[in-house]
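Dear colleague,

Please find the structure below, together with its sequence. My notes on what was found in it follow.

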Amino acid sequence: MLSQTHIDTVKATIPLLASAGTAITEHFYVRMFKHNPELKNVFNMTHQKSGRQPAALFAAIAAYAQNIDKLDVLTDAVMRIAHKHTSFNIQPEQYAIVGHHLIETLRELAPDDFTPEVEEAWTAAYGQLADIFIKVEGELYESRAQKEGGWKDFRRFRVVSKTPESELVTSFVLAPVDGGPVIDYLPGQYLGVKVRPQGSDYDEIRQYSLSTSPNGKTYRISVKRDGEVDAAGVLSHYLHDHVNEGDEIEAMPPAGDFFLQQSDAPVVLISAGVGLTPMQAMLDTLVQQQTQRPVSYLHACIHEGQHSFKEHVKSLQSALNLTVYTWYERAGELKEGEFEGRMDIAAIKSQLPLNDGEFYLCGPLPFMLGIKQQLLDAGVADNQIHYELFGPHQNL
Ligand SMILES: Cc1cc2nc3c(=O)[nH]c(=O)nc-3n(C[C@H](O)[C@H](O)[C@H](O)COP(=O)(O)OP(=O)(O)OC[C@H]3O[C@@H](n4cnc5c(N)ncnc54)[C@H](O)[C@@H]3O)c2cc1C
Ligand code: HEM
């Protein structure tokens, strides 16, 4: 239990954290990977290079410090992070390692300000936050293990089919090597996938959204070949180039707090590029549910050659009350519902359920920022908008 003195001391040192900024973050990770190189098997080392993950972790710690006396403000963020952590199989004992390096980082970077009182307060505060995560994550692990087809830790899967969906995206269907069933998931959730590329010293763990409705036997993920030749994404290229039918990979049970809500409200799915994968799971599930809900699907991509699942989505129009709009940055001959250029909500706003719809967004960060603003400008309320980012989370 934190004392009032701990709380006051943590709050008083927020400016110290803020002034040190990313220096703390960088120092922390360099320190942690030097002393605990085994954690390179857990963290995405490319995110370390690009600085995105370090920023996410420290934004979370700063938000925690700011809200340390009203923790209920953090519930949604804690759930989101806990879901992400469980897709990496983060374990309680790893919290002590992270906590140790966090405290030592503060000591090394601000030796004069890091008095015994500050150390005691931050140690207690971190301990409280760690306990919250350990409890929530423990419950998530346990509930997934209990469900039909559920499991704990990484489970081995065999690739039973590998199918190109467009120039850049390939689907992999995965079946458990043990032959058992698999747990159902909510459409929009993702798998944590682990692979050790041949010749590499470290495991790579990445998240991939499940790209069709649950069937109890297999999972399908659809992976984009990410990044240009000089900065090729490690695992997506490896999956495309070296993982074939018959090969094995490992996966954690489905996780994630971005999923289609159970309701009667009209649904608007909005994606760009490979951000269409969770939308496929939602569309296929809506078909399975034989829903009467009006569904609009807005998708943007560079050109038709990169438009995955185009024919599949078209085929769903006979089973769903579905209207499809597509934007191509480079268009050929435009058909009905197709536009050239960037997605423009204003162009179709009269046909969208702006007041009572549920809006689901997934795509690159600049796209999401732009579309969210367009939706707000069109009169959609913030709480109607749900979104997923394919990388370290950031508030839009
Ligand atoms: C919840 C969630 C769901 C996801 N669902 C999907 C999905 O359905 N389909 C899908 O394809 N992806 C999905 N992703 C993204 C996926 O997890 C991976 O991030 C993606 O495949 C890239 O991984 P990688 O190993 O290929 O690239 P990484 O090696 O992790 O590199 C990431 C990016 O950094 C760039 N990069 C490389 N070197 C540098 C450098 N030095 N500095 C800066 N940048 C660099 C790479 O080009 C690449 O674009 C999802 C992510 C999340 C969090
Ligand atoms: C109280 C302590 C911790 C806090 C506040 C915290 C916070 C965060 C946040 C905010 C993210 C980004 C989540 C997102 O993208 O939605 C994240 C991701 C992650 N965390 Fe934690 N975390 C903590 C402890 C740990 C521990 C103990 C480990 C394991 C050693 C860990 C491993 C990871 C990994 C691997 C990721 C994903 C990194 C990536 O995508 O590059 N975290 N954490």
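Is Lys-217 buried or exposed? Lys-217 is exposed, because its relative accessible area is 61%, and the cut-off for that class is over 50%. This residue sits in the loop that joins β4 and β5. Its C-alpha atom is 30 Å from the C-alpha atom of Val-324, and 107 residues separate the two along the chain. Please keep in mind throughout that this is a predicted model.

The chain as a whole

The protein chain contains 12 helices and 12 strands. Its C-alpha atoms occupy a box of roughly 70 × 50 × 45 Å along the principal axes. A compact globule of 396 residues would have a radius of gyration near 21 Å, and the value for this chain is 22 Å, so the two agree. Of the 396 residues, 50% are buried.

Ligand 1

I turn next to the first of the two ligands. Ligand 1 is surrounded by 26 residues, and the closest of them are Arg-206, Gln-207, Ala-231, Leu-235 and Ser-236. By class, this shell holds nine nonpolar, 11 polar and six charged residues.

Several polar contacts can be found by looking at individual atoms. A backbone N or O atom of Ala-231 is 2.2 Å from an oxygen atom of ligand 1. Ser-236 uses its side chain instead: a polar atom there lies 2.6 Å from an oxygen atom of the ligand. At Ser-222, a backbone N or O atom is 2.9 Å from a nitrogen atom of ligand 1. Taken on its own, ligand 1 has 970 Å² of accessible area, and the protein covers 83% of that.

Which elements give two or more residues to this shell? They are helix α4 (45-50), strands β4 (204-209) and β5 (219-224), and helix α9 (234-242). The largest share, four residues, comes from β4.

Ligand 2

Ligand 2 contains an iron atom, and the only protein donor to that iron is the NE2 atom of His-85, at 2.1 Å. His-85 belongs to helix α6, which spans residues 75-87. A polar side-chain atom of His-85 also lies 2.9 Å from a nitrogen atom of ligand 2.

Which residues are the closest to ligand 2? They are His-47, Lys-84, His-85, Pro-392 and His-393, out of 24 residues that surround the ligand. Lys-84 places a polar side-chain atom 2.6 Å from an oxygen atom of ligand 2. For Arg-80, an N or O atom of the side chain is 3.2 Å from an oxygen atom of the ligand.

The shell around ligand 2 has 15 nonpolar, seven polar and two charged residues. Helices α5 (52-66), α6, α7 (92-109) and α8 (116-146) each contribute at least two residues to this shell.

Individual residues to look at

Thr-46 is part of helix α4. It counts as partly exposed because its relative accessibility is 35%, which falls between the limits of 20% and 50%. Thr-46 and Gly-233 are 187 residues apart along the chain, yet their C-alpha atoms are separated by 8.1 Å.

Asn-321 lies in the loop between α11 (310-315) and β9 (322-328). With a relative accessible area of 44%, this residue is also partly exposed. Its C-alpha atom is 6.9 Å from that of Arg-293, and the two residues are 28 positions apart in sequence.

Two further residues deserve attention for their backbone angles. Most residues other than glycine have a negative phi. Asn-89, however, has a positive phi, near 60 degrees. Asn-89 is in the loop between α6 and α7, and its relative accessible area of 14% means that it is buried. Phe-309 also has a positive phi near 60 degrees. Phe-309 is located in the loop between β8 (295-301) and α11, and at 5% relative accessible area this residue is buried. Both classifications follow because the cut-off for buried is under 20%.

Yours sincerely

Note on methods: Residues are numbered from 1 along each chain as its sequence is written. Chains are lettered from A and ligands numbered from 1 in the order in which they are written. This is a predicted model: local features need pLDDT of at least 70, side-chain atom pairs count only at pLDDT 80 or more; totals for chains, interfaces and linings use all residues. Side-chain values use heavy atoms; hydrogens and water are left out. A residue is near a molecule or strand if one of its heavy atoms lies within 4 Å of it. A polar contact is a pair of N or O atoms within 3.5 Å; within protein, one must be able to donate a hydrogen and the other to accept it, and residues adjacent in sequence count only if both atoms are side-chain atoms. Accessible areas come from the Shrake-Rupley method with a 1.4 Å probe; for residues, only the protein chains shown count as cover. Ala, Val, Leu, Ile, Met, Phe, Trp, Tyr, Cys and Pro count as nonpolar, Asp, Glu, Lys and Arg as charged, and the others, Gly among them, as polar. Donors are N, O and S atoms within 2.8 Å of the metal (3.2 Å for Na, K and Ca); water is not among the atoms, so sites may look incomplete. The radius of gyration is taken over C-alpha atoms; the globule rule is 2.2 Å times the number of residues to the power 0.38. Buried means under 20% relative accessible area, exposed over 50%, partly exposed in between (1.4 Å probe, protein chains only).
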